[in-house]
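Hello,

Here is the structure I promised to send over. Have a look at it first, and then read on for my notes on what turned up.

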Amino acid sequence: MEAFFRDLKKERQGIDLSLMIAQIERMKCEKDFRDNYAKEQGYRRNLETIKIIERSPIGEIPIVKITPKMIEQFLDSLRDYSNGTIRKIFQKVKHR
């Protein structure tokens with residue numbers, strides 16, 4: 001019941017409960033590029049970072065269903081990436 005009311009509150013705030021982190025970040029990235037907040041190189045780099053999120057297990061889960069534990073496991077799985085890439089991914093996940 002608590003989850004139902006929490007989701008209802010989010011819907012009333014205009015949050016689309018079916019969107020995933022990568023979808024939200026992709027929309028933001030494209031808007032920033034259209035509005036000239038990001039140049040072509042930054043835009044492409046952001047898209048590559050978003051692709052990493054899309055390929056992960058949390059990339060397929062609606063944002064309201066993601067738990068802190070899932071995020072922790074996802075961040076732990078990034079050990080093969082550079083510190084800069086991990087930082088960029090973390091910023092995108094934290095942003096949502």
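What share of the contacts in the chain with a separation of 6 or more comes from residues 24 or more positions apart? Such residues account for 65% of those contacts. Please keep in mind as you read that this is a predicted model.

**Overall layout**

The chain has 5 helices and 0 strands, so to speak in order from the N terminus, its elements run α-α-α-α-α. Of its 96 residues, 28% count as buried. The accessible surface comes to about 7000 Å², and carbon and sulfur atoms make up 51% of that surface.

**The nonpolar core**

The largest nonpolar core holds 19 residues. Those touching the most other members are Ile21, Ile53, Ile58, Phe74, Ile89 and Val93. Two or more residues come from each of α2 (21-34), α3 (40-55) and α5 (83-95), and α3 gives the most, with 5 residues.

Leaving aside residues up to four places away in sequence, Ile58 touches Ile21, Ile66, Met70, Phe74 and Val93. Among these partners, Ile21, Phe74 and Val93 are also on the list of core residues that touch the most other members.

**Salt bridges**

Side chains of opposite charge can pair when their charged atoms come close. A search of the whole structure finds 6 salt bridges, and here are some of them.

Arginine 26 pairs with glutamate 54, with the closest N and O atoms 3.0 Å apart.

Another salt bridge joins aspartate 35 and lysine 31, whose closest N and O atoms are 2.5 Å apart. Aspartate 35 has a relative accessibility of 34% and is partly exposed; lysine 31, at 42%, is also partly exposed.

Within helix α3, lysine 51 and glutamate 48 are 3 residues apart, which means that about one helical turn separates them. Their side chains meet in a salt bridge at 3.3 Å, N to O. Lysine 51 is partly exposed at 33% relative accessible area, as is glutamate 48 at 38%.

Terms used:
Residues are numbered from 1 along each chain as its sequence is written. This is a predicted model: local features need pLDDT of at least 70, side-chain atom pairs count only at pLDDT 80 or more; totals for chains, interfaces and linings use all residues. Side-chain values use heavy atoms; hydrogens and water are left out. A nonpolar core is a set of buried Ala, Val, Leu, Ile, Met, Phe, Trp, Tyr and Cys residues joined through side-chain atoms within 4.5 Å. Buried means under 20% relative accessible area, exposed over 50%, partly exposed in between (1.4 Å probe, protein chains only). Helices (H or I, at least four residues) and strands (E, at least two) are DSSP runs, numbered from the N terminus. Contact means heavy atoms within 4.5 Å. Accessible areas come from the Shrake-Rupley method with a 1.4 Å probe; for residues, only the protein chains shown count as cover. A salt bridge is a side-chain nitrogen of Lys or Arg within 4 Å of a carboxyl oxygen of Asp or Glu.
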